Each structure stands twice: as structure tokens, then as C-alpha cells.
Amino acid sequence: MAVEAARRPRPKGGGAVPFSAFFWRFPWLRPLLLLTPPLAWFVLVYFASLVLLLIAAFWTTDPFTTQIVQIWNTDNFQTIFNEPTYRTIISRTVLMAAAVTATDAVLAFPFAYFMARVASRRMQTLLFAAVLLPLWASYLARVYSWILILNHDGLLNWSLQSIGLPPANIGYTNVAMWLVFSYIWLPFMIIPTYAALERVPESLVEAASDLGARRWRVLRDVVLPLALPGVVAGSIFTFSLTLGDYITPILVGGAGSSLIGTVVYSNVGIANNIPFAAAMAMIPIAIMAVYLLIAQRLGAFEAL
Amino acid sequence: MKLGSLAAVLAVLIGLTACGQTSTGGGATQEQPPTANIKPPDKVGPGEGQLNLIAWEGYTDVSWVKAFTQQTSCVVNAKYAGSSDEMVSLMKDGGGGQWDMVSASGDADLRLIYGGDVKPMNTGLIPDWPSFDEYFKSPPYNTINGIHYGISLQWGPNVLLYNTKKFPNPPTSWSAVYDPSNKGLVTAYDYPITIADGALYLSKSQPSLGIKDPYELTKKQFDATVALLTQQRQLINKYWALGSDEITLFKNNDVFLGAAWPYQTGQLKASGAPVEETIPQEGATGWGDTWMLATKAPHPNCAYLWTQYVSTAKVQAEQALFYGETPVNTKACAQMEALQAGSCAQYHANASAQYFSQIKFWKTPIATCDDGSKNCIPYDQWVSAWTTIKG
């Protein structure tokens, strides 16, 4: 122990301790040593698992024993692209992710605007807590509560009928899925949008007003373009989270509500076909790569 | 490290696959599984103190496990599996020297047997085996060429459950779940083996297809079944994956008709829901669970002691009532009645041979048909077809 302590470089001590002299001589060594553990973790856990996933996608399973057969082939990808069902599922997933993202952007912007630019400090704290409050509860509990609202004898139909309207009957449909996703991911859109709106300099807004721009003009030409990277940053969350989710489609989706996540889940959990699941999991990665490229063009990473 | 161990595991798996392929028989007798020549023990030695089980949730409930541990000093460590396929994957490599037994359902059994993951068991060591119902002594899903790869445990039919308010006249045929006039009222089990339900219906409604066994379908028969179920999707409001899901669906009037287990019927009736179950004129599919012994079981004596214990009439009755299923031990009926009056008849524990003849028990669909030809559609295609059906 004592030896170890002595060998450890001291933060201050001039040239007396040989190690600090060493670090002084090679200034790149200190950050290298500092970064090695997290970098190794990143490479091993993030990168290696992705590479394994990519490799596994090119294997197949023995149809009978469902054991993995390491024979290099592209059968899984051919199935995904040639089978109309998978094409439908992929486009359904992308459309769902886009619809959820658009809905959340529309809902989050006025809310974030109020939080960042209108509300008092006290109000701001309260609203922040309100936005984050749902994240304290379990994801499953929140989805199940939506089932209680949307199902046939649920709150929604009951309320509609008690004011004399026909029941909506949207439980277990893609509409239900869209509602639940939009609700669940909303905080992930509000927070980056809020951060971006808060950073819009008041001086620019005042300058625009001084030059005769009315409120809407200021919003459209000054605030919105400056806040857009925040919205795009939020959309990365809502889009990618929807793209990979399987719990909501299983619980609130109906017949014909499979998403990419559901297919991955059933191939791992039910069919035990890991290679096909891996191939299917590459699809959202590819979609997100394209999405992130576009987001980067729109300056989303500066807003994160 | 990670890659190395993965490669090792895969190497073993590939070795096993190769083993599985060496024994190609065919003809009148079925293909011999790789573990067929492992001789089971003649007597049960003293317990090893531990027993590692893969089980369905509720199959190792403390209410009967406690007495077992007291009697045998075998401590039961159970892992609950969520699906048959999870059981198959946990049992890879003969249980890996970790697992002793698995409570596999019929749709997993042949995969475990032909994967070499389980080995023959000596029924002579199970004192209650002679009182098992005749069918469950040697059902085709766990007994190959007269060799028993496990001891039957419990079973249940996939009945047709319906809401008596919506359907005052009980449906007499499975055609009700394929009838377009019931659009939006229907549910079905979200699992590839459900394809067999469609095949069973077609075997009666379209005899020209020549379906004899709903688990052995030729390409033509399989395609016709998939087409039927794809049409059925338009009628489905929601597929159910867990028994509790279906109970919620029926309670909230989201669905009014669909395949179910007697467990759901019992729970729904107990909560006052207006439901009833029936076995329609076409018959029904069913499941039968088996305790199977891992090829590399580290505690075989405890495993035999466990199988003896769960086969006794008392434990059979307790488990049946706890889970909502039917014991294979015919002596369990009286015990069930003692625990809960009327339960023996409710779960068909006193069922006649005529009742069994209506039920086609789950078994793994494999490429080899009963006649030895290789024309049947194997399980992996059932799985991908199921994805297509659900859309």
C-alpha cells in the first residue's frame, strides 16, 4: 500500500517526484492514461457487441435444434428484403417513428417555449418537475394505465358514451400505439427543445421587435430557426426510441401492429433465431445512421 | 475473452448439431435420437443435496417444494422460462452441466430429444407411473421407439372460450373464430404452434387437403392453413401472449371468442365474467408437459426423487389446482375433489378415452413426417409464417 501511494503521481510537487516530470515531458500521456479505461469499456462493450451483432446477422440456425450454424451467408437479409411482411413491418415502424416525432415536436414546442421564455423561475421549476414526473413511474405501469384508458370498457369509451358520443374503440390499434408512444417519449422532446429555446438571446428578439417585426414574425424568423437544432436533437430520441421499442406494440398494439422491435423480440424470445434477430436489428441501426447524418446537417449536435 | 468463450460455446453447438445428423434412420421406426443408447439407472441413490430446474412459472411452488426438500434434503433451485423456445435454448448442450431437469411442453420435446439435450429415463423408478393415464405413459411427444425421454406431468386442452352474453347459443365449431361476421370479436394465442389450431379445423372442414396430423403438414396443407390464419387476422382484435392478458381482454369486453386454457376459464368465472368453454366438434389441440432429465444433469438422484415426488397423487392435485391444469396421475382426481369440490370434472381429470381422442397434443413440427418422408414443414418455417400471419 505504502509503495503504491508513493508511486502515484502527486498533483503538485514540481520536479521532485520523477513521475510528474515524466508527465511534463510527455504531455499526451496523462490524458491517454485517463481515457484508457472508459475507452476500453466503450470499445469492448459498445463496439465489440455491435460487431458481434453484425457478424451474427450473417449466420443462420439449424432449423430443427435452433442451434447457431456459423456458415457465412446473406439469407437473413434476403428474407427481410424479399418477404413483403418484413417490408411492411419496416415501413410501419418508420412511419410510426415519424408520426410520433412530429406529434411530440408539435406538442413540445409551445410547452418548452412557455417554460423557457414566459414562465417565472418558480413556475419553471414546477413545470420541469411535471415534465419529468412520469419518468419516475415504471414504463410498464404507464403503458398499462393507457390500456385501462383505451380498452373497450375503458375510461375513454365510458366518457364518450356518457356525453352521448359513439365509443372510439381505438384500444389495440395502431392509433393506440401512436398515442402511447407520443405520451411516453414527450419528455425526451421537451427537454432539448427547452434547452435550445432558453439559449435564444433576448437581444435578438428585442432587435427584431425594434425593427418592426410582429410577434409571429419574430417567432418564425428568429426563435424557430435558432431553436430548430433543439427540436432535431429531441427528435433523435423520440425517433430512435420508437424505432427499437417492443413493449408498447406488444401491449397496446392489435393484430397487424408488429414493429421491428417486436420481430427482434419474437425471434430471440420465441423462435430462438438469434442470427435473424441480429439481421433485423441492423435495420434500425442503418435507419438511425441516415437520420443522424441529416440531424447533423441541421445542427442538432450543437444543441445537445 | 468474450469472443473466445463464444467461439467455444459455438464449437460445442456445432459438434452437437453434427451428432444429431449422424443418426438418420427412417422407415417404420422413427429416427433414433442421439442419447437413445444411454442406459438409465436401475435404482435411485442418495440425493446430492441440490436440484437445478428449468420450469414454467408456478411449477415449483413453495407449497409443495418445501415438503420435498424436507423429505429428501434436495434444495430446489428453479429458473422460470417464458416460452418453450427459451427452455430449448437454456437446455442447449445437455443442460450445460448446470441444469438437471426441464418441465418442457410437447412443442419443445422433440427438439430437446433430437438435440441430444435430454436422455432416457427409467419409468420403473417412478412408483406412481402405473397409475398414469394410459395416453400419458408413452405419448408420442416424449416417447420415441418405446424409449421414454421424460415422465409426463400435467396437461390441458386449448378450449374455445366464449362470452355467453354475446354468444347465447354456444359455438359448436371452430368455424366461429374464422367467421367474418365475428370481425373484431376474436382473440388467438400469439405463438407459432397456433397454426396447428388452423390445421385441425381444416382437417375437418376441408377433407380434400388430407390433413391427418395438424403437426405434420405438407407444403400444400401448410400454405392453406397459413392462408386461413392470415384471413383470420382481420377478425382478431388482439392476440394474447400470457394467460393473464386474455383474462383482461375478456373482462373488458375487448374480445368475446377465442382459444384459451381452462385456467383462463376458471379465473374469469371466478371473477363473475359471463364466459363458458367448449371443445368444438372438430376437437382441440392441447399441451402436455414432461419433466425431462438433462444429458449432463449434475444431480440425477435428486432429479429422480423429484420426479417421484411430483408424480404422487397429492402433489399432482396440488399443482393442478395451483396452475389450472390436469394431472396425468388418475388417482389425483380424489385428491382434487378433497381440495376443491368439483375441480376434478372442471379440469377433466376423470376424462374418458373418448375425450382424449378429441385432443391433438402439441409436438414439435419436424421435417420428417410419420411415414418417414421428409416432406413436412419444420418448426422454423412455422415461426416465420407466424410473423407473416400477424403482419
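Two residues are taken to be in contact if their C-beta atoms, placed from the backbone, lie within 7 Å. The structure is a predicted model, in which local features need pLDDT of at least 70 and side-chain atom pairs count only at pLDDT 80 or more, while totals for chains, interfaces and linings use all residues. Residues are numbered from 1 along each chain as its sequence is written, and chains are lettered from A, with ligands numbered from 1, in the order in which they are written.

**View 1. Gly49(B) and the residues that it touches.** Leaving aside residues up to four places away in sequence, Gly49(B) touches Ser73(B), Cys74(B) and Val75(B). Gly49(B) sits in the loop between helix H1 (2-22) and strand E1 (50-55) of chain B, where helices (H or I, at least four residues) and strands (E, at least two) are DSSP runs, numbered from the N terminus. Gly49(B) is partly exposed because 13 other C-beta atoms lie within 10 Å; a residue is called buried if 20 or more other C-beta atoms lie within 10 Å of its own, exposed if 12 or fewer, and partly exposed in between, with C-beta atoms placed from the backbone. The C-alpha atom of Gly49(B) is separated by 17 Å from that of Val62(B), which is 13 residues apart from Gly49(B) along the chain.

View 2. Most residues other than glycine have a negative phi. Ser73(B) lies in the loop between helix H2 (62-72) and strand E2 (75-80) of chain B, and it counts as partly exposed because it has 14 C-beta neighbours inside 10 Å.

**View 3. Asn169(A) in a loop of chain A.** The loop between helix H8 (155-162) and helix H9 (174-198) of chain A holds Asn169(A), whose phi is positive, at about 50°, although the residue is not a glycine. Asn169(A) is classed as partly exposed because 19 C-beta neighbours lie inside 10 Å.

**View 4. The side of chain A that touches chain B.** Here 31 residues of chain A are in contact with 35 residues of chain B. Strand E2 (68-69), helix H5 (84-118) and helix H13 (260-269) of chain A each supply at least two residues of this side of chain A, and H13(A) gives the most, with three residues.

**View 5. The domains of chain A.** Chain A is divided into domain 1 (2-56) and domain 2 (76-303), with bounds that come from an automatic or database domain assignment. The C-alpha centres of domain 1 and domain 2 of chain A lie 39 Å apart.
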